[in-house]
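User: I want to learn how to read helix packing and domain contacts. Please walk me through a case.

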Amino acid sequence: MNTVYLDNAATTRVAPEVLEAMMPFLKEEFGNPSSFHSFGSSQMEAIDKARGQVARLLGAKCEEIYFTSGGTESDNQALRGAVRNDPARRGIVISAVEHPAVLETAKALENEGCTLELAEIDKNGELSLESLKELVDQQTAIVSIMAANNETGVIMPLKEAARIAHDAGALFHTDAVQMVGKSPIDVHSLDIDILSLSAHKLHGPKGVGAIYIKKGIELSPLLTGGHQEKGVRSGTYNAPGIVGLGKAAELALTHLKDTVIRERVLREKFEKRVLETCPGSFVVAEGAAQRLPGTVTLIFKGIESEAVLTLLDMQGIYASSGSACSTGSKNPSHVLYAMGVDYTQANSALRFSLSRYTTEEEIDRTVELLAVVVERLRRISPYTE
Ligand SMILES: Cc1ncc(COP(=O)(O)O)c(C=O)c1O
């Protein structure tokens, strides 16, 4: 059976070129990059090449990139590192729709004595800058606003949010895990202090990521140990993963312009055809000014998303009912809740996320099957137009 993978916001396939770049570091080049001997230390060249590849994708300098184990670690490093810096600043301000990697970390820090404020999100999934402004003050250590939301794909006003943080003397962090490699992002023009990214969202391997920390900013390290990464992130280098992330970043940059156009065209076609063929469906955050090219959440009124997912799965089509991390928790999405979507409708939400490998045929097949599945489930649901 030909499968259709439309869950690229959860994770992506490893690009063949990435796997090829990693292989020597999984096989013969197994030395420790921090070793004195050349068998290990020669790997530092490959690690620094990867640093350059990641830096170029972000418009950053090489020395501003530090490798981590992924988005979750980078988010933890940003928040935990920032609040330890200055005892007079213990405030954290984030948006109400952050990924659990930020939200739960911020809540944990609140339990440890920090203050936590959540900036409001409007019905289009967009950040309220007025709300953010009211919450940020001289006690704020860090403002953390995601670059693009993992459920709705809504792109946040980072430049304006960074200005609000900086006006109060706070650091500005963005969780750009969903944005990097999918839509252009430039840390210097947006005035971002700290940024998190993850390799597995851009056709790289799982368990590796990076944190951009603007030159001059010092964060108290999350992991202490062998002083790798200038002491910012200790731990033996994951050379294969880092090389894979570097290659993935290089490929993402090479394909970025084409990917943005291709994914947008396919996603818009998908949305239009689903709305035509599935009565009672609508696009979440349709009114947002900017959304990621390839991510959409649709609500099919009166239908349990899990029923749709199961029937799609049986036909080899893979989508998601929200963020993979909250699947199985039965809690309605905090993102949809923050947007004012009611509980019943939130249980009818399905996310489809494309990649640069998604084809038009795959989109057509998904639309056709969705129409059949939704029609079938509607017949047994109490929903009426
Ligand atoms: C917005 C966002 N932040 C952070 C993460 C966590 O990244 P990782 O899986 O690399 O820990 C994810 C993963 O789903 C995400 O979508």
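User: Is the crossing of H1 and H8 left-handed or right-handed?

Analyst: A crossing is left-handed if the near helix is turned anticlockwise from the far one by less than a right angle, and right-handed if clockwise. Here H1 passes H8 in a right-handed crossing. This is a predicted model: local features need pLDDT of at least 70, side-chain atom pairs count only at pLDDT 80 or more, and totals for chains, interfaces and linings use all residues. Residues are numbered from 1 along each chain as its sequence is written.

User: Which residues of H1 and H8 make the contact?

Analyst: Contact means C-beta atoms, placed from the backbone, within 7 Å. H1 gives Glu17, Val18, Ala21, Met22, Phe25 and Leu26. From H8 come Ala239, Pro240, Val243, Gly244, Lys247, Ala248 and Leu251.

User: At what angle do H1 and H8 pack?

Analyst: Axes are lines fitted to C-alpha atoms, for helices over the stretch in contact, and angles run from 0 to 180 degrees between N-to-C directions. H1 (residues 16–26) packs on H8 at about 160°, and their axes are 8 Å apart. So H1 is roughly antiparallel to H8, a term for angles over 145 degrees.

User: Which domains does the protein chain have?

Analyst: Domain bounds come from an automatic or database domain assignment. That assignment gives domain 1 (4–11 + 256–379) and domain 2 (16–251). Their centres, taken over C-alpha atoms, are separated by 27 Å. The contact takes 27 residues from domain 1 and 24 residues from domain 2.

How values were computed
Two residues are in contact if their C-beta atoms, placed from the backbone, lie within 7 Å. Helices (H or I, at least four residues) and strands (E, at least two) are DSSP runs, numbered from the N terminus. Angles under 35 degrees count as roughly parallel, over 145 as roughly antiparallel, 65 to 115 as roughly perpendicular and the rest as oblique.
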